[in-house]
Amino acid sequence: MERRGHAAVSEVSATFFVDDALVEGRSATLGEAEAHHAQVRRVTVGDRVRLINGSGSVAEGPVVRLAKSVGAVNVERVALVHALPEIHLLVPIADRDRMLWLAEKATELGLTSWRPVMWRRSRSVSPRGEGIAFQNKLRARMISALAQSGGAWLPSIFPDAILERAIAATPPGVHLVLDAAGAAMISRSAVKCSTPVTIAVGPEGGIESEERDQLIAAGYVPVCVAPNTLRFETAAIAGLAIARAFALTEDSRA
């Protein structure tokens with residue numbers, strides 16, 4: 001069974017994330033966090049649950065073991081969900097709570113990858129969302145959003161990078177930078193007909209002129225998503241939503 005973008009909805013009591021491959025006829029292990037979540041949800045042995053692993057596999061089956069720190073599910077059925085058209089974000093290293101909010105909402109919209117950028121104006125922010133410990137927290141927030149939204153693909157999380165490295169790692173496709181001086185993103189024909197799309201989002205206070213010039217020299221096109229100044233997380237979600245709507249429209253025509 002194959003579906004595009006989201007998993008099929010059926011009579012299950014809850015959805016849980018596992019790191020294992022999901023194989024019919026085998027058991028999948030619920031780690032400590034998911035076992036605790038199952039107890040909070042009042043899941044008991046025998047209840048049918050849905051499992052996702054963030055790599056497109058969606059499984060169903062009954063819980064066969066549940067303890068305080070571990071659980072097990074007998075995998076009876078596995079479906080493959082095709083990934084949505086690719087949309088990548090270059091996000092600013094910024095306020096931790098606002099980055100976590102953005103990560104959650106971006107996951108719900110089917111983000112493909114998340115790459116944090118240390119812009120020049122990022123350095124004045126405190127406390128910043130950076131480092132391995134923060135990435136682990138961000139991944140946990142994404143996992144929760146993925147399970148809640150019915151998605152099957154967890155965004156790839158890349159290490160913190162300076163702008164030069166982020167540009168060098170940009171995948172092929174349409175490259176956009178959110179800029180108040182750019183043309184309206186909703187009118188860009190390139191976004192409507194081509195993916196993958198990479199969207200660069202600057203920090204609070206904006207991208208400095210030299211950074212903007214670097215992006216343009218690398219093929220990024222300035223676009224805007226609103227007539228007024230937006231916070232970085234609002235701008236990122238607006239840009240992602242526009243790109244996702246265009247991508248889904250073109251995908252349905254294919």
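Modeller: A strand here is a DSSP run of E, at least two residues, and strands are numbered from the N terminus. The model itself is predicted.

Colleague: What makes β12 stand out in the lining of the largest pocket?

Modeller: β12 gives the most to that lining, with four residues. Lining residues have an atom within 4 Å of a pocket point. In the largest pocket, 22 residues form the lining. Leu178, Asp179, Ala180, Gly206 and Leu230 lie nearest the centre. β12 (174-184), β14 (221-224) and α7 (232-253) are the elements that each give two or more residues.

Colleague: How is the lining of the largest pocket divided by residue class?

Modeller: There are 13 nonpolar residues, five polar and four charged. The volume of this pocket is about 440 Å³.

Colleague: Why is Arg42 called exposed?

Modeller: The cut-off for exposed is over 50% relative accessible area. Arg42 has 72%, so it is exposed. Arg42 sits in the loop between α1 (32-40) and β4 (48-52). Its phi is near 60°, a positive value in a residue other than glycine.

Colleague: How do you know that α2 and α3 meet?

Modeller: Contact means heavy atoms within 4.5 Å. Residues of α2, including Leu100 and Trp101, meet residues of α3, including Phe134 and Leu138. By class, the contact has nine nonpolar, three polar and five charged residues. The two axes come within 8 Å and cross at roughly 35°. This crossing is right-handed.

Colleague: What kind of peptide bond joins Ser126 and Pro127?

Modeller: A cis one, with omega about 0°. Pro127 is in the loop between β9 (113-118) and α3.

Technical notes:
Residues numbered from 1 in each chain as written. Predicted model: local features only at pLDDT ≥ 70, side-chain atom pairs only at ≥ 80, totals over all residues. Heavy atoms only, no water. 1 Å grid on protein atoms, 1.4 Å probe; cavity = no way out; pocket = protein on both sides within 12 Å on 5 of 7 lines; lining within 4 Å. Points joined across faces, edges and corners; volume = space filled by probe spheres on them. Nonpolar A, V, L, I, M, F, W, Y, C, P; charged D, E, K, R; others polar. Axes fitted to C-alpha atoms, helices over the stretch in contact; angles between N-to-C directions. Left-handed = near helix turned anticlockwise from the far one by under 90°. Buried < 20%, exposed > 50% of the residue type's maximum accessible area, 1.4 Å probe, protein only.
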